[in-house]
Amino acid sequence: MTAATDITDATFEQDVLERSVTVPVVVDLWAPWCGPCTTLGPMLERAVAATDGTVELAKVNVDENPQISASFKVQSIPAVFALRDGAVVDGFVGAVPEAQVQLFIDRLSPPPSEADELVASGDEASLRRALELEPDHVGAVTGLARVLLDRRDAEGALELLARVPETPDVRALAAEARLLDNDVDLGSDVSGLLDSLLDRVRDDEAARREFVDVLETLGPDDPRTNRYRKALAARLF
């Protein structure tokens, strides 16, 4: 998710609840007809952008996404909530001065730890040192898992990924590791592989797991992912 992303009822769970396990997410509930919303929104965007990715902003048009509004029990807008680990940790209602917006964001974005700075270096030695300092540092875990996968150490990557909660990035890396561990070569004919697995998914649990893992490695933006997820549902149900 970028610094400010439009969220819908359909994407809320993945882009807000799941994402908040990795990074604090600020949810801005607004509507086009709300004057104070149009004043507050840019303030939030500027403050979040200045965190360089340590906080993310999710914008929700309440007219178009009634389920999200109901989940927050919103009675007036603008309404702003901060989520961490899937739970609301802070928030406010109504337009507030920019200085108050900045303080709100500052509370969510503490200075980087030594482990954070090591992860930013990106090399294997720094990632391993970061995990010595913070064994469950998600960035260090996923970064080192990527290193291990590049050297084809699927077992080591899976053992490492088991330390942290499941997120979209963790799921994708774990799926890649399982495929590698089972000597699955995606090659260039991914659709052919998925078609062959689709014929066996109903009665073969291993084929079903492999099918889902291939989709995880493709990612949600690949047009084949949605098409084959629908095909899987049709076969199973």
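Tutor: A residue counts as lining a pocket when it has an atom within 4 Å of a point of that pocket. The model discussed here is predicted.

Student: What makes a residue such as Thr22 part of the lining of the largest pocket?

Tutor: Thr22 is among the 33 lining residues of the largest pocket, so it has an atom within 4 Å of a pocket point. Thr22, Val23, Asp116, His137 and Gly139 lie nearest the centre of this pocket. The space in the largest pocket is about 1000 Å³.

Student: Which helices each supply at least two residues of that lining?

Tutor: They are helix 5 (114-121), helix 7 (138-150) and helix 9 (168-181). Helix 5 provides the largest share, four residues.

Student: What makes Arg171 a charged lining residue of the second largest pocket?

Tutor: Arg171 is one of the 20 residues lining that pocket, and Arg counts as charged, so both parts of the description hold. Gln14, Asp15, Pro168 and Pro220 are, with Arg171, the residues nearest the centre. This lining has six nonpolar, seven polar and seven charged residues, and the pocket volume is about 570 Å³.

Student: Which helix gives the most to the lining of the second largest pocket?

Tutor: Helix 9 does, with four residues. Helix 1 (12-18), helix 11 (205-218) and helix 12 (223-236) each supply at least two.

Conventions
Residues are numbered from 1 along each chain as its sequence is written. This is a predicted model: local features need pLDDT of at least 70, side-chain atom pairs count only at pLDDT 80 or more; totals for chains, interfaces and linings use all residues. Side-chain values use heavy atoms; hydrogens and water are left out. On a 1 Å grid over the protein atoms alone, a cavity is a set of points where a 1.4 Å probe fits but cannot get out, and a pocket is an open set with protein on both sides within 12 Å along at least five of seven lines; lining residues have an atom within 4 Å of a point. Grid points are joined across faces, edges and corners, and a volume is the space filled by probe spheres set on the points.
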